[in-house]
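Q: I want to go through this model with you, a few places at a time. Please start with the terms you need.

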Amino acid sequence: MIIKPRTFPRILQKYQALERRIPADHPKLPLIQENIRKRLAGYKGECAIDYPLSFLPEKKYSILHDVRLQAGGHFFQIDSMLLSEMFIVLMDVKNMAGKLYFDTRFNQLIQTYDGEEKAYADPLIQSMYHEEQFNQWLRQNKLPAAPILSLVVVSSPHTIIQTASENRSLHQTVIHHDYIPFKIKELEEKFTKSCLSEKERRKIGQQLIKRHTPLDYSILEKLQISQNELLTGVYCPNCGSLPMKRVFGTWLCP
């Protein structure tokens, strides 16, 4: 059962609104558009796991999306979380195309796309941080614990996942999104001991929702853009012209 649904990110809404209010020749426009592209891709990737998650038994699992918590003075965000009586699963969703090489020797993720290579922080390291931070959050809020497991979920079925031949355990934590129900079934067979009662699971879910702190900040300050640089007025809903004119109590597009 979904107890915290996914919502369209507020920060993404802000960037989209800013894009409409910035002059076409503004030097920060490419940066704004790149922010929108990346955040929108991330959001679409997260939405892609909704279908495989729908195959999980509603009574056995509580599902929460986009949970941002604070523990030990640091904020951390979980893309999707599953609560069950036997375990808790933290999911980090990656919407990345091309080939992904998990370099466990140097702890980095290397993406190859259109002949270009890019290195990113290792999501497996991030998962380790999240597990520790979530454990700390449970202790901090005096909540019962259960085994905490992490999954890195690649949302595109066309993305190729690679690693060194000696790294035979990667498939235990990195999966394609359509394998989620089967991975959860594997975990059910491995973790058979009940650690959380239904009441305790409900209490954890309620506290997660209560303690969730959405990411929000002033993008004008972050990008160092003054309000005086923004385009003002009311957009025409039909042609997008700016501004419309107020004439005799109604809006007219010139």
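A: A residue counts as buried under 20% relative accessible area, as exposed over 50%, and as partly exposed in between, with a 1.4 Å probe and protein chains only. This is a predicted model, in which local features need pLDDT of at least 70 and side-chain atom pairs count only at pLDDT 80 or more, while totals for chains, interfaces and linings use all residues. Residues are numbered from 1 along each chain as its sequence is written, and side-chain values use heavy atoms, with hydrogens and water left out.

Q: OK, is Phe-8 buried, exposed or partly exposed?
A: Phe-8 counts as partly exposed, because its relative accessibility is 30%.

Q: And how many aromatic pairs does the structure hold?
A: There are six aromatic pairs, where rings of Phe, Tyr and Trp (its six-membered ring) pair if their centres lie within 6.5 Å, and planes under 30 degrees apart count as stacked, over 60 as edge-to-face and the rest as tilted. One of them joins Phe-8 to Tyr-43 in an edge-to-face arrangement, 5.0 Å centre to centre with 75° between the planes. That pair links distant parts of the chain, since Phe-8 is in the loop between β1 (2-4) and α1 (10-20) and Tyr-43 is in helix α2 (residues 29-47), 35 residues apart. Helices (H or I, at least four residues) and strands (E, at least two) are DSSP runs, numbered from the N terminus. Tyr-43, at 17% relative accessibility, counts as buried.

Q: How are Phe-134 and Trp-137 paired?
A: Phe-134 and Trp-137 are stacked, with 5.7 Å between the centres and 10° between the planes. Both lie in helix α4 (residues 123-140), three residues apart, about one turn of the helix. An α-helix has 3.6 residues a turn, so residues three or four places apart point the same way. Phe-134 is buried at 0% relative accessibility, and Trp-137 is buried at 1%.

Q: Which residues do ring pairs link into a cluster?
A: Ring pairs link Tyr-61, Phe-87 and Phe-191 into a cluster.

Q: Which charged end sits over the ring of Tyr-235?
A: The charged end of Arg-20 does, 4.3 Å from the ring centre; the criterion is that NZ of Lys or CZ of Arg is within 6 Å of the ring centre and within 35 degrees of the ring normal. Lys-222 lies over the face of Tyr-217 in turn, at 5.6 Å from the ring centre.

Q: Switching to strands, where is Gln-111?
A: Gln-111 is in strand β6 (residues 108-113), and it is buried, with a relative accessible area of 11%. Its side chain makes a polar contact with the side chain of Tyr-120 at 3.2 Å; such a contact is a pair of N or O atoms within 3.5 Å, where within protein one must be able to donate a hydrogen and the other to accept it, and residues adjacent in sequence count only if both atoms are side-chain atoms.

Q: What does Gln-111 touch?
A: Leaving aside residues up to four places away in sequence, Gln-111 touches residues including Met-96, Leu-100 and Tyr-120, contact meaning heavy atoms within 4.5 Å. Leu-100 is in strand β5 (residues 99-103) and is buried, with a relative accessible area of 1%. The C-alpha atoms of Leu-100 and Gln-111, eleven residues apart along the chain, are separated by 4.7 Å.

Q: Now α6: why do its buried residues line one face of the helix?
A: The buried residues in α6 are Arg-201, Ile-204, Gly-205, Gln-207 and Leu-208. Seen down the axis of α6, they fall within an arc of 165°, so they line one face of the helix; the arc is that of the directions from the helix axis to the C-beta atoms. On the other side of α6, Glu-198, Lys-199 and Lys-210 are exposed.

Q: What do the buried residues of α6 pack against?
A: They pack against β1, β2 (62-71), β3 (74-83) and α4.

Q: Last one: which residues in helix α5 are buried?
A: In α5 (residues 180-190), Ile-180, Pro-181, Lys-183, Ile-184 and Leu-187 are buried, and they cover an arc of only 160° around the axis, which puts them on the same side of α5. The face turned away from that buried side carries the exposed residues Phe-182 and Glu-189.
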